[in-house]
Amino acid sequence: MADGGSDYEQSSVDGAMRQSLDSHLLECPICLEQLRQPKSLPCLHSFCLECLGSYITKELSGKMASASSFSCPVCRKVTEPMNQSEFKESWAEQFPTNNLAVEILQQLQKTDKSITCKPCETKGNKNVPAKFWCKHNNAYFCTDCKINVHDLLHGECEPQDISEVNMSALLQQKASLTGCGKHKEKMEYYCEDHQILGCNKCIIVDHRKCEVVTSAEDYRDKLRKSSNIDDLLEELRKSAVAMEILIKDVGEQLKTMTLDQDTALQSLTDIRKQIDERFDVLQKDLTDKLISAFKEEKENLEILRQQCERLMFSMQNTLMSSKDAALKEDIVGTINLFQRGQAEVKSCKELVKELERSSRSTSIKHKYDPDILSVGNNTSLTMGKIVVDQQPRRLPSTVYSNIVPLSERHLKMTGKFSIKVPSDKSEYSAYGVVLLSGGRIVVADKENRKMKLFTEKGDFKFELELTDASCDLCRIDDNTVAAILIDVKTICIVNVGDSTLTVSSKIKIPKLDESCLGVTYHNNYFIVGTTESLYSVPASGGEPKNLLTFKSQCLHLASNQKNGHVFASIHTSTPDEVVVIRLSDEAHTHVLKVGLVKSTTGIDVDREGNLYVCGSSSNNVIQMSGDGRNIRELLTSSDGIKRPRAISVWEDRIVITNGSKYQNNFVHMFQLVWMIGHPDKV
């Protein structure tokens, strides 16, 4: 009894385990219900079609649109669909259907009620439950029909008791009897060479040359007689135990990883909080600096505005009081008002002058390295810095604008541009230049025999073909310039528009054998410099009058329109020879000799009468008073100036061309500014 009880209990346990495995194989791991339209992944895990589709969509949500795979919900194996170009919602449909699960489910649906005895069904009694299954006949029998029908006809066959059998295994065995997958016939043979079951056709076609082919039944008996099956079962039990240990170990790892994840997430939260607190401190510090800088500059501007307002109200009051004093014929009051007015005007001029010297624009900016926002960079994470940038600025135009003398200002480069244009056929060389109002710049290109018009931004506007090469240009008025043509000895008068150059007239210089180089205009006369003399030519035309003869050539001339003085630049580097001559009322004065400047070229005069002279071989530009007493260098070779050629001044703007082969195609632009701290050059 004890032994029997033990066998029964073991049978019950094995049956329960088998039922549990059946349930596991037919259950969807996602919804934990019976599989519906089961789809099998390459890792052999099966899921409901709807569950798998929802999982894929959710798994890839928030990821890049180009994601091409997902992880199996059970084993996390990376899985790729067969067609990645389809919408992710339809990826699940691409995987094969688990036909075995479908067949088992269909059979289970047919056998929801107990399996019935076939002989009893034949007799009309369809509700007799079957207890045995004959593998040979593939038929079910109750206990009575097994004894009375089956055993009488097939005594040599031993039916299988199905009361405790695993249903899925039974269905699989039953399905296997329908034949091999290739020929649909019963698999009765086993090829030991290939270790595969096959039907009669399989053996004849594919295994006729194999050495050991036996019936499936003989091979089974062979396995039973040997210890192979017992050994395999022992290995299976060991493997199952090993898997159980591994499963437990994986569970422990997952538990540890989960704990690590929770710890890391908390650490991230903590460090983020600390970073936020640190950035709050940095932001407050930068904000305080920003506000402090703004307040300081604001207070300075407020003080300046109050100072201007007080002076303005005082002067307005003086103006009103002067009317009353005039009406009352108040002699003393009038004198007092006159003195007060003088003091106020003087204060106004001094204030404007001081502002012209010290006025500056202030910009307050937050600067930071934009790379700190890039992913994967090694830049330190900071919030940047507050930068207060102060630059000299020009005051708005007033009656006292430009009160700081140009002689006290310094030169600041504002830009440069090339005079080369597509139509040029030769190397370009800017020998003459004139700067006009509105930033118009006219250049004489000697080599290409052209006059070219540019804007101060370097935009090319127009070109004018000349009949001969031109060495020098001069300003006649704000919209007219003159060019001297070297060999044809002609003065070409050109009207300058915003984007055009038009020849208005030409003055042919008769009875002159020397090449014409320099030219300037004053009081209806042109002064022309040649290779050895100065001549006066009427603007209406006529014979030239010799004004002065010297040893070297005069390349450029300039005139002071206010006092009538004409200045000639003499191109020489011989010591003690004169390089700048001033002509006035047919008298001439030696203003400057070779020394600070050598081989003078370009020359011009500003609105205050200051003279600007280019030294070609001394590589500098000087500014000096009209009498030559006050001289200072504005530019030197250390400023990048090489062989300056022509110069033109308009208000506080200056343009310079160069004779160096590396710079002869460029026009450099400058501005005379008052710099805080009075630097020598800007």
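**Close-up views of a predicted protein chain**

**Figure 1. Strand β18 and its partner β19.** Asp472 has Ile484 of β19 as its bridge partner. Strand β19 covers residues 480–485 and is joined to β18 by six bridges, the two running antiparallel. Strands (E, at least two residues) and helices (H or I, at least four) are DSSP runs, numbered from the N terminus; two strands count as paired if DSSP finds at least two bridges between them. The structure is a predicted model, in which local features need pLDDT of at least 70 and side-chain atom pairs count only at pLDDT 80 or more, while totals for chains, interfaces and linings use all residues. Residues are numbered from 1 along each chain as its sequence is written, and side-chain values use heavy atoms, with hydrogens and water left out.

**Figure 2. The open sheet β18-β19-β20-β21.** Four strands form this sheet in the order given, with antiparallel pairing. Strands β18 (470–477) and β21 (501–508) stand at the edges and have a single partner strand each, so one side of each lacks a neighbour in the sheet.

**Figure 3. The largest nonpolar core.** A nonpolar core is a set of buried Ala, Val, Leu, Ile, Met, Phe, Trp, Tyr and Cys residues joined through side-chain atoms within 4.5 Å; buried means under 20% relative accessible area (1.4 Å probe, protein chains only). This core has 21 residues, of which Cys28, Leu35, Leu41, Phe47, Leu52, Ile56 and Phe70 touch the most other members. Two or more residues come from each of β2 (46–48), α2 (49–60) and α3 (99–110). Helix α2 gives the most, with six residues.

**Figure 4. Surroundings of Phe47.** Leaving aside residues up to four places away in sequence, Phe47 touches a set of residues including Cys28, Pro29, Leu35, Leu52 and Val74. Contact means heavy atoms within 4.5 Å.

**Figure 5. The second largest pocket.** This pocket has a volume of about 550 Å³. Among the 32 residues that line the pocket, Arg475, Ser559, Asp604, Val605 and Val649 are the closest to its centre. A pocket is an open set of points on a 1 Å grid over the protein atoms alone, where a 1.4 Å probe fits, with protein on both sides within 12 Å along at least five of seven lines; lining residues have an atom within 4 Å of a point. The volume is the space filled by probe spheres set on the points. Strand β18 gives the most to the lining, with six residues.

Conventions
Buried means under 20% relative accessible area, exposed over 50%, partly exposed in between (1.4 Å probe, protein chains only).
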